[in-house]
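Please walk through the following protein from its overall fold down to a single side chain, keeping the coordinates at hand.

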Amino acid sequence: MASSAPIPDLLSPPLPGTPAESSMAASQAIKPNALAALEHYKQKDASKVVVRFKSVGSAPVMKNNVFKVTAGNKFQAVIVFLRSQLGIKASDPLFTYINAAFAPAPDDTVGNLYKCFGTEGHLIVNYSNTQAWG
C-alpha cells in the first residue's frame, strides 16, 4: 500500500513560487512580534502588591500585618519573608493560604495571584503553624 502523495520536507527551504514560500514569509513576519512578546514576558514586573497577612489558629499574630511586595516576586519570597517576621525556622511547619481557600504553589508570582484572587486592593495571605484547610 504505497501512498501517491509525497512526504513533505520540512527541513529544506521552500521552492520559489510554491504555496509553502508564502506561508514561510508570513511566519517570518510574525517572528519579530513573537520575539517582542517574549522579551516583554521576560521582564520582571516592578509594580507593588499590597499583601495582608492574617493568622489562623495558634499561629503568632503580627503587629504590622500589611506589606508591599514586588509583583514579579515568586510566592516563595513571601513565605521566606513571613518566616523571618514570625521568627519561624525553616524546619518548623508554616502553612499559607490565599483567601482562606487554597495553598498557592511557591513558584506562582505574587502579581498573578493578586490579579486572580486579590480582594479590595489586597492579596490576603492566611498563615498557620498547623494545617488549617484541606
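This is a predicted model: local features need pLDDT of at least 70, side-chain atom pairs count only at pLDDT 80 or more; totals for chains, interfaces and linings use all residues.

Among the contacts with a separation of 6 or more, 60% are between residues 24 or more positions apart.

Helix H2 runs over residues 75-86, and because its 12 residues at 1.5 Å a residue should span 16 Å, the 17 Å between its end C-alpha atoms agrees with that expectation. The buried residues of H2 are Phe75, Val78, Ile79, Leu82, Arg83 and Leu86; they cover an arc of only 135° around the axis, so they lie on the same side of H2. These buried residues pack against strands S1 (48-55), S2 (66-70), S3 (95-98) and S4, and also against helix H3 (110-117). Just after H2, Gly87 takes a positive phi of about 75°.

Strand S4 covers residues 123-128 and includes Ser128. Is Ser128 buried or exposed? Ser128 counts as buried because its relative accessibility is 1%, which is under the 20% cut-off. Leaving aside residues up to four places away in sequence, Ser128 touches Val56, Ala59, Leu94 and Phe95. A polar atom of the Ser128 side chain also lies 2.7 Å from the backbone oxygen of Thr130.

Notes. Residues are numbered from 1 along each chain as its sequence is written. Side-chain values use heavy atoms; hydrogens and water are left out. Helices (H or I, at least four residues) and strands (E, at least two) are DSSP runs, numbered from the N terminus. Buried means under 20% relative accessible area, exposed over 50%, partly exposed in between (1.4 Å probe, protein chains only). A polar contact is a pair of N or O atoms within 3.5 Å; within protein, one must be able to donate a hydrogen and the other to accept it, and residues adjacent in sequence count only if both atoms are side-chain atoms. Contact means heavy atoms within 4.5 Å. The expected span of a helix is 1.5 Å times one less than its number of residues. The arc is that of the directions from the helix axis to the C-beta atoms.
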